[in-house]
Amino acid sequence: MADIQTFLAEHWLDMLSTVLGIIYIILEYKAHIALWLVGIVMPAIDIYLFWSVGLYADFGMAIYYTFAALYGYAVWKFGRKKNQKANEQLPITHFKQSLILPSVLVFLAAWLGIYEILIHFTNSDVPVTDSFINALSFIGLWALARKYLEQWAVWIVVDAVSAALYAYKGIPFKAGLYALYVVIAVMGYCKWRKMMTENR
């Protein structure tokens, strides 16, 4: 009993964040705007969780996620796309080809910048991986806010690498959540593609 209590005391934030993460990904799968509301609460918890295990880039990313969720909500609620009908929700569309090169450049610059911060200002023992997933998450979250179908492909990579990193860092529930995210991201891509086709 004491072992269970100790385990729960050590991992309760990890478990709470994981439950919210499951709710978040289900709402994202359904393209439901409420995902952004969960997206404000969950990273607020992750700010402390990631700092406590030395994932400093993830800590910074959690702060970014909190503000980005506000942006995402505003875009989904009030944003407009070309050829969008009056009173129509922001439609799912393809990632524009003209955005690919700028997105790659932003990703590479962010990866290098975050890596440099980690190696010079923190004691991170996983600077390459931590900076990689966070730099790619910048692109993924922006693409999600714009409701681009291909955002799911970005998250498949982010989630797979994150699951391995969190397992290595000893936050098992978060690791399991991100492994589940990989599966749901594949399903989400298929679901969004079908929704996009039906709404044309």
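1. Ser-124 is located in the loop that joins helix H4 (100-121) to helix H5 (127-145). Helices here are DSSP runs of H or I with at least four residues, strands are runs of E with at least two, and both are numbered from the N terminus. The model is a predicted one, in which local features need pLDDT of at least 70 and side-chain atom pairs count only at pLDDT 80 or more, while totals for chains, interfaces and linings use all residues. Residues are numbered from 1 along each chain as its sequence is written, and side-chain values use heavy atoms, with hydrogens and water left out.

2. Ser-124 counts as buried because its relative accessibility is 15%; buried means under 20% relative accessible area, exposed over 50%, and partly exposed in between, with a 1.4 Å probe and protein chains only. A polar atom of the Ser-124 side chain lies 3.2 Å from the backbone nitrogen of Val-126.

3. Leaving aside residues up to four places away in sequence, Ser-124 touches Tyr-56 and Leu-118. Contact means heavy atoms within 4.5 Å.

4. Tyr-56 belongs to helix H3 (residues 56-78). With a relative accessible area of 18%, Tyr-56 is buried. Besides Ser-124, the contacts of Tyr-56 include Leu-118, Thr-122, Asn-123 and Asp-130, as well as Trp-51, again not counting residues up to four places away in sequence. Tyr-56 and Val-186 stand 130 residues apart in sequence, and their C-alpha atoms are 28 Å apart in space.

5. For the protein chain as a whole, the secondary structure consists of 7 helices and 0 strands. The chain is as compact as a globular protein of 200 residues, because its radius of gyration of 17 Å is close to the 16 Å given by the globule rule. That radius is taken over C-alpha atoms, and the rule is 2.2 Å times the number of residues to the power 0.38. The C-alpha trace spans about 60 × 40 × 25 Å along its principal axes.

6. Of the 200 residues in the protein chain, 46% are buried. Among contacts with a separation of 6 or more, 70% are between residues 24 or more positions apart.

7. The accessible surface of the protein chain is about 10,700 Å², and 69% of this surface belongs to carbon and sulfur atoms. Such areas come from the Shrake-Rupley method with a 1.4 Å probe; for residues, only the protein chains shown count as cover.

Definitions and conventions: A polar contact is a pair of N or O atoms within 3.5 Å; within protein, one must be able to donate a hydrogen and the other to accept it, and residues adjacent in sequence count only if both atoms are side-chain atoms.
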